[in-house]
Structures are given as C-alpha cells and as structure tokens.
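Reader: I would like to learn how to read surface patches and ring pairs. Please take me through them one at a time.

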Amino acid sequence: MKTDDLIDVLGTNVEPVGGSHLRLSLIMTLVVGASIALCLVLAIFGVPKSEFGPEFSALKLVGLAFTCGLVLAGAGYLFRAARPGDSSRVPFAFIVLLFLAIFFAAFVVLALVHMPVRQAMLFGQQWVPCLICIPLLAIVPFVLLVLTLRKEAPTNLTWTGAVAGLVAGALGAAAFAFHHPGGSLPFIAFWYGGSIILCVIVGAALGPRLLRW
C-alpha cells in the first residue's frame with residue numbers, strides 16, 4: 001500500500017481529537033512568525049516617518065484588515081485540517097469571500113476612474129518591492145507553520161500546504177503593510193493579493209513533500 005493510500009485509510013471515519021495543544025501551538029507560531037516578519041521589514045526599510053499619518057491611514061487599515069482576516073481564516077482552516085475528522089469548510093469559505101470582496105472593490109474603483117489614474121493606482125508606489133518582499137517575508141512563517149503541522153496529522157497535504165502558504169503570505173503582507181503607505185484599493189488587491197496567491201501556489205506544491213507522514 002502506498003503512503004497516500006495509507007493516509008486516506010487512516011483519515012477515514014475518525015473522530016476529532018482534542019485541540020487545545022494545537023491551538024496554542026498555532027497561536028505561538030503565528031506570533032513568532034509575525035514578529036520575525038515585522039523585524040525584517042524594520043531592518044530593511046527602517047521605521048516609517050509617518051506610520052499612522054491621516055493621508056494613508058484608511059488604506060493602510062484596509063490592507064491590514066484584508067491580510068489579518070486571511071491569517072485568522074487560514075489559521076482556522078489549518079486548525080481543522082491538522083485534526084482528522086474535523087472538516088468544517090467555514091474558514092475556507094471566508095477566505096474566498098475576502099478575496100472576492102477586495103477584488104470586486106478594486107474593479108469598481110478602476111471602472112470609475114480614467115486610464116491615467118487607473119495606471120497610477122495599479123502601478124503606484126513600491127509595487128516591485130511589494131511583489132518581492134511579501135513572498136520573502138513569508139518564508140520564515142511558512143517554515144514555522146510546516147514544523148507545527150508536521151507534529152499533527154493533516155490528511156489533505158496539498159490543501160494544508162496551500163493554506164499554510166496563504167497564512168504565511170498574509171503575515172508577510174501584513175508586515176509589509178506597516179511600511180507601505182497603502183496606495184489604493186486596486187494596489188492592495190492585485191499586489192498584496194497576487195503575492196499571497198503566489199505563496200498559496202508554492203505552499204500547495206511543497207505541502208505533499210513537507211507534510212508527508
């Protein structure tokens with residue numbers, strides 16, 4: 001019997017186990033991962049001069065709400081995915097809803113402005129550092145999440161790896177948002193969201209290898 005077949009058999013018709021230890025481990029992993037990502041942002045870019053200035057505070061809050069919402073929903077999915085027998089899809093649906101909401105808002109904004117403004121919104125301040133830094137900042141949180149999940153018993157390794165990549169990417173984006181002035185809704189949707197989706201793809205590819213029992 002192959003390993004994947006054995007995992008499917010072991011993950012069938014089982015009852016969920018207690019999750020207090022896993023919940024604490026995930027929380028500690030997220031706190032440590034977020035702290036390291038934030039320290040890296042401060043080391044690379046320094047302390048922003050006008051971190052909470054009135055000009056960009058609203059868009060910065062939108063970026064933080066989007067990324068932190070993904071972290072919470074993704075962590076909820078990982079908590080269930082790591083425990084065979086607990087397969088609630090509510091956190092996954094919330095992840096999809098967050099992406100749909102931010103991209104819908106971005107397309108509405110783009111539809112209401114002229115082409116020059118549209119280009120300025122999409123390719124605004126620091127889109128290249130955003131695209132590079134978010135996946136780099138996600139590396140340490142992803143490694144910590146994999147180490148935590150390897151102690152548990154996830155059965156769907158591809159989806160678990162993908163959501164671990166999503167959580168790590170969202171943590172990286174949240175840390176980057178503290179430095180970035182916010183830009184615009186389309187900027188947040190495409191560059192924050194696109195970078196996080198890239199982390200999801202990498203996590204899905206690595207999950208079956210790194211999380212294999």
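Author: Start with helix H6, which gives the most to the nonpolar patch, with four residues. Helices are DSSP runs of H or I with at least four residues, numbered from the N terminus. This is a predicted model, in which local features need pLDDT of at least 70, side-chain atom pairs count only at pLDDT 80 or more, and totals for chains, interfaces and linings use all residues. Residues are numbered from 1 along each chain as its sequence is written, and side-chain values use heavy atoms, leaving out hydrogens and water.

Reader: Which residues form the nonpolar patch on the surface?

Author: Nonpolar side chains (Val, Leu, Ile, Met, Phe, Trp, Tyr) are joined within 5 Å. Here they are Val-128, Leu-131, Ile-132, Leu-136, Ile-139, Val-143 and Leu-147, with about 590 Å² of accessible area together (Shrake-Rupley method, 1.4 Å probe). Helices H6 (127-137) and H7 (139-149) each give two or more residues.

Reader: How many aromatic pairs are there in the whole structure?

Author: Rings of Phe, Tyr and Trp (its six-membered ring) pair if their centres lie within 6.5 Å; planes under 30 degrees apart count as stacked, over 60 as edge-to-face and the rest as tilted. A search finds 12 pairs. One of them joins Phe-92 and Trp-159, with centres 5.1 Å apart and planes at 85°, so this pair is edge-to-face.

Key:
Patch = residues over 30% accessible without salt bridge, like charges linked within 9 Å, V, L, I, M, F, W, Y side chains within 5 Å. Salt bridge = Lys/Arg side-chain N within 4 Å of Asp/Glu carboxyl O.
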